[in-house]
Structures are given as C-alpha cells and as structure tokens.
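Have the structure open as you read.

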Amino acid sequence: MHQSPDSPQSRDQGWLCHWLALVALGELYSSDKETHVDPQDPLGPAVSASLVTPDPPGAEYYYQSVSLLQQVAENPDVQYIETLCLLALYAFSMNRVNTAYMYVGVSMRAALSLDLHRSPFDFPSERSSLSPVELEHQKRLYWTVYYQDLLTTSTSGRPWGVLDDEITVDYADSSRLSGEALSEFFDAEESNIHLELMRLRSQAYSSLYGYAGTAINPYSHISLFDFELSRPLSQQHLDKICEFHQALLCFENELPVSMKMVQAWDGSRANINRVNAHLYLIYHQV
C-alpha cells in the first residue's frame, strides 16, 4: 500500500479499514513491549505507573480502523464482517467487553443478512455457485461470528444473537479442499472443538443464570442470578450444576489425543501450545 499510494486498494476505505484492524491485532499479539517505570522517579513507582498509561500495542492502528469503519452498511459484504470480527477481538482482548459485544452484534446481523447462517444448498442462490474454497471461507466466517457472539454474550450475561434452530450451515470441513487451498485454513477439527466448548459454556451460563429467557431455557426460573447465598441450593439447582459438570467431563474425555494436556511421570506436560492453552482456559472458566 505504501509503495502504491495511488492504487485502487489504497483508496478503498473498506479495504484500508480491514487492513488496519488486521495490523492492530498483529501488533497486539506479536509485541513484547512492557511498561517500564523509572525506579528513581521521585513520585515513586506506584504513582508514576498510575500516571503513565501508554496505549496497548496496535492501538493507533485500531483507532484508525474504527475511524474508517462504516458503522451500518446497507449492503454488507464478507470483508465488512471480517473487519468487525477483527475489531471485536481487539476490543475484547483489551477488556472492552461492551465494545466487542456491539461490534459482534453488527457482524451477526450482517452475516444473517447475507444468509451465511444457512446452507448454500437450502435454496438456489448466488452462493450455490461459489467454489469450495469460497464456500468454506464463508462458512468459517459465520462460525467465527457465532463464536464471538457466544463469547461476548456469556461474558456480559446477555442473550445470544441467533437461535441454533435457525442455523443450517455445516461446521468447518476441509474434506472438499486440497493442495494450497487446504493450507489456507485452520484445522477444521480443532475449530469445531473450540466451537463446541463455547456452545457448552454459553448453554451452562444461560441455564444456570437464567438470562436467556424461557424461550431458550424452559427452566430459567431455576436460576442463580438473584439467588441468596445464605440459602442452601435446591435439588433443582444441584441437578443443573451436575448436568453441566458431567457434560464438561465428557467433553474433555472425548478430546483427541493431540488436544489433551497430559502430564508425564516427570511432571512435564505434553501438547502445550497456544491453541490448546486457549481451549483449557475457556474450559476451566466455565
């Protein structure tokens, strides 16, 4: 872009917004910057640290991307949804949960308006003639929006944006891809496992705290939301807790070997990587 400032892409506001959001996330996850406090500061390290609050890595790119974002697109496209997902992820990483929640809300509506939640074979449409790579891309984009929706709603205690009964699109599936196309996508099995865990977390939170309402959870009146800690839990409460506890144990037992963090006899752990660490972080937060 900097080499060809007059190119069409450099003048495309949507593309530039998307690119800046991507760079912001890249800065955030690759930066090793730390906040340094001068120990000789006469105000003391605690005070000086509170006065100096530098922006997190990538913040400048993030704010530039936000300034270019078309808040409500009459005719959204895939790139617009991708940009919203990137901005939501950055905001959530900075603990701006409400900001992330609202970005995800717009991206979910945009995805629904493009029928990304429906199988392209439900009825004839332009999507029916897309290549396997394009279809897989759109499919994974929708499940990314769905995952972020469950993440932000379960974190903030709000109802999720779409009912599962409305979704007909399949999970991520790389079986129709080959060659270079296959290398463009994240492992399908790992993606689907992360999605299933987030689904389980969202179901547990909404059921135990009753914020999804009776349309989704018929027993939402059996809730811990306004439960007085001085009172003992009823058998109905205990049954619900036990149900989800057993579901979590079953989920972990059925994980593929490559995604299980196993402790060896010498105390070392196998299969430790960012993907598995994130999975277990969500697992133990439920």
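The crossing of helices H5 and H6 is left-handed, a label used if the near helix is turned anticlockwise from the far one by less than a right angle, with clockwise giving right-handed. Helices here (H or I, at least four residues) are DSSP runs, numbered from the N terminus. This is a predicted model, in which local features need pLDDT of at least 70 and side-chain atom pairs count only at pLDDT 80 or more, while totals for chains, interfaces and linings use all residues. Residues are numbered from 1 along each chain as its sequence is written, and side-chain values use heavy atoms, leaving out hydrogens and water.

**H5 with H6**

- H5 covers residues 97-113 and H6 covers residues 132-156; their axes come within 9 Å and cross at roughly 145°. (Axes are lines fitted to C-alpha atoms over the stretch in contact, and angles run from 0 to 180 degrees between N-to-C directions.)
- On the H5 side, the contact (heavy atoms within 4.5 Å) includes Val 97, Ala 100, Tyr 101 and Val 104, while on the H6 side Tyr 142, Val 145, Gln 148 and Thr 152 are among the residues taking part.
- Sorted by class, this contact has 10 nonpolar, 6 polar and 1 charged residues. (Ala, Val, Leu, Ile, Met, Phe, Trp, Tyr, Cys and Pro count as nonpolar, Asp, Glu, Lys and Arg as charged, and the others, Gly among them, as polar.)

**Cavities**

- How many cavities of 30 Å³ or more does a search of the whole structure find? There are 2. (On a 1 Å grid over the protein atoms alone, a cavity is a set of points where a 1.4 Å probe fits but cannot get out; lining residues have an atom within 4 Å of a point.)
- The largest cavity holds about 40 Å³ of space, and H4 (78-93), H5 and H6 each supply at least two residues of its lining.
- Among the residues lining the largest cavity are Ala 100, Val 104, Gln 148 and Thr 152; the lining has 6 nonpolar, 2 polar and no charged residues.
- The second largest cavity has a volume of about 30 Å³, and its lining includes Asp 115, Arg 118 and Arg 127, with 3 charged residues by class.

**H8 with H9**

- H8 (residues 188-209) and H9 (residues 235-253) pack with their axes 10 Å apart, at an angle of about 175°.
- That angle is why H8 is roughly antiparallel to H9, a term for angles over 145 degrees.
- Leu 197 and Leu 200 are among the H8 residues that meet H9, where Phe 244 and Phe 251 are among the partners.

Key
1 Å grid on protein atoms, 1.4 Å probe; cavity = no way out; pocket = protein on both sides within 12 Å on 5 of 7 lines; lining within 4 Å. Points joined across faces, edges and corners; volume = space filled by probe spheres on them. Parallel < 35°, antiparallel > 145°, perpendicular 65-115°, else oblique.
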